[in-house]
Amino acid sequence: MMKRLLVMMAAAAVLAAGCGDNDNGHGGGNGTPAPTATATPTQVTAAAVVAHYADGLHAAYQDALAGAEALRDAIDAFVEAPSQATFDAAKAAWIAARPAYQQSEIGRFYNGPIDDPETGPEGRINAWPLDENYIDYVEGAPTSGIVNDPAGFPVIDRETLAAANEDGGETNVATGYHAIEFLLWGQDRSATGPGARPFTDYVTDGTGTAENQQRRGAYLQAAADLLIDDLEQVVEAWAPGDAGNYRAEFLALDPEEALGRILTGLGTLSASELGGERLSVAFETRDQEDEHSCFSDRTRDDLANDAVGIQNGYLGRYRDLDGPGLDDLVRQVDPALDAAVQQQLAASVAAIQAIPEPFDQAILGADESPGRVAVEAAITALFTQADGLAGVADALGVSMGTGA
């Protein structure tokens with residue numbers, strides 16, 4: 001816990017070092033107009049960047065929702081007719097569902113719809129690390145978990161799982177991508193590959209492995225349904241044409257405030273979450289339990305998609321959407337800074353992609369081992385990038401928080 005605290009403090013220091021009220025002479029902060037307040041018709045305005053950011057984030061959430069719906073369909077097909085083929089299809093659907101959500105994580109850390117303290121569903125969508133035996137059996141504990149506790153959890157449905165999520169402790173994760181991941185892959189006991197749960201854990205004709213096969217299937221389906229519900233919530237919050245949703249509120253903000261929230265999301269995801277929680281902690285502990293997608297061995301892809309999301313957030317692009325971005329604004333006031341930040345963003349993506357797989361083996365060994373050198377290089381790149389984003393906030397004259 002102390003290591004995590006130190007990591008978070010260091011990440012906050014990186015962000016705070018270049019943030020806060022403007023004092024660099026570029027305007028903004030404390031009510032002073034930002035550079036874009038005097039923009040000519042040929043210049044990109046802050047308002048245009050904010051609107052395009054909302055479009056991109058909405059598109060990412062729509063894609064995440066579509067991926068979750070495809071995952072639910074694949075899970076339904078598997079539970080109805082368990083076989084190796086339908087099991088593999090469900091795993092493939094989980095893998096396909098992840099990139100869009102990971103790239104959408106730039107919308108976190110400023111108390112927006114995804115992580116509003118009162119209503120935000122992020123803790124049900126992507127919470128980790130989780131104690132596997134809170135959900136199902138693990139090695140040495142064949143009867144553990146909600147699946148194997150019909151007395152405590154007589155009915156397994158969306159309401160049951162939502163109520164159980166993080167009940168009694170933050171690692172008591174019962175919902176979301178990683179709960180589904182564990183139910184599909186099981187514990188990862190392999191040094192060369194992911195978990196190897198047999199599909200027969202779901203076979204209900206009397207020949208299945210493990211107990212409570214029907215309840216395990218019900219759990220998997222309920223978790224997928226709840227994931228869809230939660231993603232629908234954030235899609236609606238960012239949907240255009242609704243005068244009463246968060247998007248309307250966001251677009252009505254002073255552009256400086258909106259830019260500050262965008263940069264808070266980008267910077268906090270880079271430093272505190274990726275550089276800190278998801279990489280530095282695992283690097284320090286050398287513990288697979290601190291790996292993000294530890295059951296499927298998809299951690300490097302998760303990290304890379306988060307980094308691509310940060311890059312996209314700065315450049316104003318997502319898939320085929322390409323429009324006004326922070327890069328356009330920064331070029332208008334400091335072209336050299338824009339070039340430097342773009343280089344840092346590309347370097348972070350490359351550094352993460354250079355981490356050898358599986359991630360749980362890359363964090364082991366001596367500090368001079370290729371895996372640990374690559375992980376450390378990725379951490380450095382992400383913190384350097386966060387410094388650059390803090391510089392962007394200063395250049396644009398906006399205040400940038402250190403995350404929710």
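The axes of H10 (residues 299-315) and H11 come within 5 Å and cross at roughly 55°. Axes here are lines fitted to C-alpha atoms, for helices over the stretch in contact, and angles run from 0 to 180 degrees between N-to-C directions. Helices (H or I, at least four residues) and strands (E, at least two) are DSSP runs, numbered from the N terminus.

The model is predicted: local features need pLDDT of at least 70 and side-chain atom pairs count only at pLDDT 80 or more, while totals for chains, interfaces and linings use all residues. Residues are numbered from 1 along each chain as its sequence is written, and side-chain values use heavy atoms, with hydrogens and water left out.

Contact means heavy atoms within 4.5 Å. On the H10 side Gly313, Tyr314 and Leu315 take part, and they meet Leu326, Asp327 and Val330 in H11.

H11 (residues 326-333) also packs against H12 (residues 335-353), at an angle of about 145° and with the axes 6 Å apart. Asp327, Val330, Arg331 and Val333 of H11 make this contact with Pro335, Leu337, Asp338 and Gln342 of H12.

Aspartate 338 lies in helix H12 and is buried, with a relative accessible area of 4%. Buried means under 20% relative accessible area, exposed over 50%, and partly exposed in between (1.4 Å probe, protein chains only). Leaving aside neighbours within four places in sequence, aspartate 338 is in contact with Tyr314, Asp327, Val330 and Arg331.

A further helix pair is H6 (residues 176-185) and H7 (residues 213-237), whose axes come within 9 Å and cross at roughly 155°. That makes H6 roughly antiparallel to H7. From H6, Tyr177, Ile180, Leu183 and Leu184 meet Arg216, Tyr219, Leu220, Ala223, Ala224, Leu227 and Leu231 in H7.

Ala, Val, Leu, Ile, Met, Phe, Trp, Tyr, Cys and Pro count as nonpolar, Asp, Glu, Lys and Arg as charged, and the others, Gly among them, as polar.

| Helix pair | Residues in contact, by class |
|---|---|
| H6 with H7 | ten nonpolar, no polar and one charged residues |
| H10 with H11 | four nonpolar, one polar and one charged residues |
| H11 with H12 | four nonpolar, one polar and three charged residues |

In soluble globular proteins, nonpolar side chains tend to be buried together. Apart from neighbours within four places in sequence, isoleucine 180 is in contact with Leu71, Ile75, Trp94, Leu220, Ala223, Ala224 and Leu227.

Threonine 119 lies in the loop between helix H3 (84-104) and helix H4 (122-125). At 48% relative accessibility, threonine 119 counts as partly exposed. Its C-alpha atom is separated by 9.7 Å from that of glutamine 233, 114 residues apart along the chain.

Overall, the protein has 14 helices and two strands. Of its 404 residues, 55% count as buried. Among contacts with a separation of 6 or more, 74% are between residues 24 or more positions apart.

Terms used:
Angles under 35 degrees count as roughly parallel, over 145 as roughly antiparallel, 65 to 115 as roughly perpendicular and the rest as oblique.
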